[in-house]
Amino acid sequence: MSAHVINGKELVGAYRAEIKEQVEQLVKQGVTPGLAVVIVGDDPASHVYVRNKHRACEEAGIYSEVHKLPEETTEDELLELIRSLNSNASIHGILVQSPLPKHIHEERVVEEIDPEKDVDCFHPVNVGNLMIGKPGPAPCTPAGVIEILKKAGVEIAGKHAVVIGRSNIVGKPMGMLLLRENATVTTCHSRTANLEQLTSQADILIAAIGKPQVIKRQHVKPGAVVIDVGINRLESGKLCGDVDFDDVVEEASVITPVPGVVGPMTITILLRNTLEAAQRAAGVAAAQ
Ligand code: NDP
């Protein structure tokens with residue numbers, strides 16, 4: 001048996017087209033969704049991510065402005081910029097690219113962002129709302145994984161989902177969203193004893209570890225759905241996931257390759273969050 005390999009171009013492309021259409025409708029009503037992306041310092045990978053987000057906005061018809069600040073920017077200067085973006089009516093979403101330089105407290109910066117404009121869902125108010133099931137922006141990567149599962153026709157309710165990773169941006173919110181979809185959720189991490197014993201019980205296995213190709217055939221139940229969130233760079237310069245794709249592809253029923261699926265879907269949810277923030281600001285109900 002060989003898994004259905006999700007085609008990111010097709011799946012993500014179709015979703016972006018839907019979002020673009022909704023953006024066009026909002027523009028016709030006189031409101032152009034706007035995203036401000038703030039980047040501090042010279043981290044090359046972060047600059048690539050920011051460029052990709054900016055390009056995706058342009059393609060979707062979303063206004064986007066990138067604020068590139070030097071490494072030596074002070075926390076106060078950054079907070080001042082956030083406050084001015086909070087009060088700028090043409091900006092509906094604010095994203096501060098991490099990592100920030102060490103002298104800036106990331107938490108302090110996140111807390112300064114108006115929760116209504118927090119399109120990453122990092123603000124404690126939005127994290128709390130996610131926890132208790134109140135509406136709010138979706139955490140981009142985990143919500144992207146849910147969207148991928150749904151669009152691939154994977155039934156989530158009643159299934160045993162195992163998430164490997166418990167970070168604030170992927171693992172923990174991933175577990176919350178899966179619970180919302182009525183999965184039974186197990187979260188694993190670096191201190192989990194018998195990882196393989198747990199992962200091999202998963203109907204849906206989500207790897208968000210940040211270590212290249214550590215998930216092998218023996219971690220996967222035959223017929224499981226495997227979603228690979230990891231993005232790792234091998235010494236050769238090639239990108240790969242946390243899952244050893246070639247080893248697992250024969251075992252799984254559905255699998256996402258890296259790169260090409262979770263990364264682009266994450267950006268798509270960012271577009272959706274910006275659109276929805278603009279719809280809320282304009283008093284227009286979201287389409288779904
Ligand atoms: P973190 O480093 O913050 O978290 C990694 C998690 O994996 C931790 O909870 C850690 O456990 C756990 N872990 C580490 N080693 C093992 C192991 N051997 N066995 C079991 N669990 C382990 O990473 P992120 O959550 O931020 O990101 C995870 C991956 O996803 C990265 O590769 C990142 O690049 C990628 N990513 C991709 C995105 C996309 O758009 N596609 C977006 C965000 C991230 P512990 O808590 O005990 O340390």
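Me: Is D42 buried or exposed?
Reply: Exposed means over 50% relative accessible area. In this predicted model, D42 has a relative accessible area of 61%, so D42 is exposed. D42 sits in the loop between β2 (34-40) and α2 (44-60).

Me: Is C121 buried or exposed?
Reply: Buried means under 20% relative accessible area. C121 has 5% relative accessibility, so C121 counts as buried.

Me: What about phi of N182?
Reply: Phi of N182 is also positive, near 70°, and N182 is not glycine either. The loop between α7 (171-180) and β6 (184-188) holds N182. N182 is exposed, because its relative accessible area is 54%.

Me: Where are peptide bonds cis?
Reply: Most peptide bonds are trans. The bond from S98 to P99 is cis, with omega near 5°. P99 is in the loop between β4 (93-96) and α4 (106-112). The bond from V258 to P259 is cis too, with omega near 0°. P259 falls in the loop between β11 (254-255) and α10 (262-281).

Me: How is the chain divided into domains?
Reply: Domain 1 covers 29-116, and domain 2 covers 140-263. Their C-alpha centres lie 29 Å apart.

Definitions and conventions. Residues are numbered from 1 along each chain as its sequence is written. This is a predicted model: local features need pLDDT of at least 70, side-chain atom pairs count only at pLDDT 80 or more; totals for chains, interfaces and linings use all residues. Side-chain values use heavy atoms; hydrogens and water are left out. Helices (H or I, at least four residues) and strands (E, at least two) are DSSP runs, numbered from the N terminus. Buried means under 20% relative accessible area, exposed over 50%, partly exposed in between (1.4 Å probe, protein chains only). Domain bounds come from an automatic or database domain assignment.
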